[in-house]
Amino acid sequence: MARAPRLYVPLDLGFFDDVRIMRAGEKAAWLYLNMLTKTRSVDSDGVLFTEQIAKLGVSQWKQRLTVLVAEGLVDEMTTDCYGIANWTKWNQTAAEREEAKRAEAKRKAEARARAAADANGGK
């Protein structure tokens, strides 16, 4: 039985040495990490609504979110929508992933067609 593909979000090894993370504090950093994984799992290109953030199970999330915004780690897009700052610097957008998927499928189809043609004597 094939395993389902796993999703990942890149995390810089210097994450906890980032001065913005240090100023934000451990509790706000915990919310940030939860936001990173949630936004990747819902494929939202770094954007979450307050309803989604509230459901992360992180206590005092509103206060922590305010700190993340103040430190420039999260952007307030509207009163109920927040984005991970620089998300697309480290992550492909949903559109980019879809295009790569289409290109890979096309490449594989062309390879199968060449293999079939070779098997039939190049016809």
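The model is predicted, so local features need pLDDT of at least 70 and side-chain atom pairs count only at pLDDT 80 or more, while totals for chains, interfaces and linings use all residues. Residues are numbered from 1 along each chain as its sequence is written, and side-chain values use heavy atoms, with hydrogens and water left out.

**The largest pocket**
- The largest pocket is lined by 20 residues, and Asp 12, Phe 15, Arg 20, Tyr 32 and Trp 90 are the ones nearest its centre.
- A pocket here is an open set of points on a 1 Å grid where a 1.4 Å probe fits, with protein on both sides within 12 Å along at least five of seven lines; lining residues have an atom within 4 Å of a point.
- Helix α5 gives the largest share of this lining, three residues; helices are DSSP runs (H or I, at least four residues), numbered from the N terminus.

**Helix α2**
- Buried residues of α2 include Ala 28, Leu 31, Tyr 32 and Met 35, where buried means under 20% relative accessible area (1.4 Å probe, protein chains only).
- After α2 comes Asp 43, with a positive phi near 55°.

**Thr 50**
- Thr 50 belongs to helix α3, residues 50-54.
- Its relative accessible area is 16%, so Thr 50 is buried.
- Beyond its neighbours within four places in sequence, Thr 50 is in contact (heavy atoms within 4.5 Å) with Trp 61, Thr 79, Asp 80 and Tyr 82.

Definitions and conventions
Helix = DSSP H or I, 4+ residues; strand = E, 2+ residues; numbered from the N terminus. Buried < 20%, exposed > 50% of the residue type's maximum accessible area, 1.4 Å probe, protein only.
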